[in-house]
Amino acid sequence: MLQPHIRLDETIGTPYALLPGDPARIDSISSVLDNVKEIAFNREYRSITGEYKGRKILAMSTGMGGCSTGIAVEELTRIGVKAMIRIGSCGAMQTKIGLGDLILAVGAVRDDGASQAYIDLRYPALADIELLNACINSAKKNGFPYHIGLIHSHESFYIDDNEKQKCFWSQKGVLGADMETAALFTIGRLRGVKTASILNNVVTFQSDTAQSIAGYADGEKRTKQGEINEIVTALDAFALMSED
């Protein structure tokens, strides 16, 4: 059945989906896949299929925030997707994390609205352990710089006490901040889907977010390499999963 927002149905024929936030990141994914076909582009949901090491892969952008990510998870689940890896960007919350380093999320602080709409905050937002381990093994095998830990998923970049919130969660050992991981993990687990989140650090801790993001959009070398690294990490993780 054709899904109303993502405009895809069961004919995609793959259980594996890469989920970037930005529709433009689909172009970067296309450069790594073979036999690429663009299949839909509705609202923030741009999707392609392609092949990687003989396996068919779907890549679909989710837009910004937990609400649009939640819609993506729900509708992809309905058309047979069983494993989803977010490949997004984040701001670091620890000084040891450099530009272009990957953060592999074990779990997420549920400070977003979307996950809270589904279930009480006592329910944890956790990655699927099998898929996370595949991501770790992939990053390690490829020699990419990576860190493993918690993500703070928040609702907006522009709340008045944003800096205070960053300092608070940094002191609690959280590695980075995004807007989507908590929704992906929470909704995915409720729907029986394996999920993982790989984040490319585009803002060093205690630097200016607007300037760093502007540099990322202009193709700053280290963050651009981080983008490719997270794509390859996710694709190799799917390859490892399918071998089991």
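Modeller: Let us begin with burial: a residue is buried under 20% relative accessible area, exposed over 50%, and partly exposed in between, with a 1.4 Å probe and protein chains only as cover. Helices (H or I, at least four residues) and strands (E, at least two) are DSSP runs, numbered from the N terminus. This is a predicted model, in which local features need pLDDT of at least 70 and side-chain atom pairs count only at pLDDT 80 or more, while totals for chains, interfaces and linings use all residues. Residues are numbered from 1 along each chain as its sequence is written, and side-chain values use heavy atoms, with hydrogens and water left out.

Biologist: How many of the ten residues of helix α6 are buried, and which are they?

Modeller: Helix α6 spans residues 181-190 and is mostly covered, with eight of its ten residues buried. The buried residues are Thr181, Ala182, Ala183, Leu184, Phe185, Thr186, Ile187 and Gly188. After α6 comes glycine 192, with a positive phi near 75°.

Biologist: Which residues other than glycine have a positive phi?

Modeller: Two cases may be cited. Arginine 43 is not a glycine, yet its phi is positive, near 55°. Arginine 43 belongs to the loop between β2 (34-42) and β3, and it counts as exposed because its relative accessibility is 65%. Lysine 53, also not a glycine, has a positive phi of about 50° and is placed in the loop between β3 and β4 (55-60).

Biologist: Which residues have the most contacts inside the largest nonpolar core?

Modeller: A nonpolar core is a set of buried Ala, Val, Leu, Ile, Met, Phe, Trp, Tyr and Cys residues joined through side-chain atoms within 4.5 Å. The largest one here has 63 residues, and those with the most contacts inside it are Leu8, Leu18, Ile29, Leu76, Met84 and Ile85. Helix α8 (residues 221-243) gives the most to this core, namely seven residues. A separate core of six residues lies apart from it and includes Met93, Trp169, Val174 and Phe205.

Biologist: With which residues is leucine 76 in contact, leaving aside its neighbours within four places in sequence?

Modeller: Contact means heavy atoms within 4.5 Å. With those neighbours left aside, leucine 76 is in contact with Ile6, Leu8, Ala17, Leu19, Leu58, Met60, Val81 and Met84.

Biologist: Which side chains meet in a salt bridge of 3.1 Å, N to O?

Modeller: They are those of arginine 86 and aspartate 178. Arginine 86 lies in strand β5 (residues 83-92) and aspartate 178 in strand β9 (residues 176-178), so the pair ties together parts 92 residues apart in sequence. Both residues of this pair are buried. Another salt bridge is that of aspartate 236 with lysine 141, at 3.6 Å between the closest N and O atoms. Here aspartate 236 belongs to helix α8 and lysine 141 to helix α4 (residues 129-142), and this pair links distant parts of the chain, 95 residues apart. Aspartate 236 is buried, at 3% relative accessible area, but lysine 141 is exposed, at 52%.

Biologist: Which residues are linked in a network of salt bridges?

Modeller: Arg25, Lys224 and Glu227 are linked in this way. Glutamate 227 also makes a side-chain polar contact of 2.6 Å with serine 28; a polar contact is a pair of N or O atoms within 3.5 Å, where within protein one must be able to donate a hydrogen and the other to accept it, and residues adjacent in sequence count only if both atoms are side-chain atoms. Serine 28 is in helix α1 and is buried, at 8% relative accessibility. Beyond its neighbours within four places in sequence, serine 28 is in contact with Lys224, Glu227, Ile228 and Ile231.

How values were computed: Salt bridge = Lys/Arg side-chain N within 4 Å of Asp/Glu carboxyl O.
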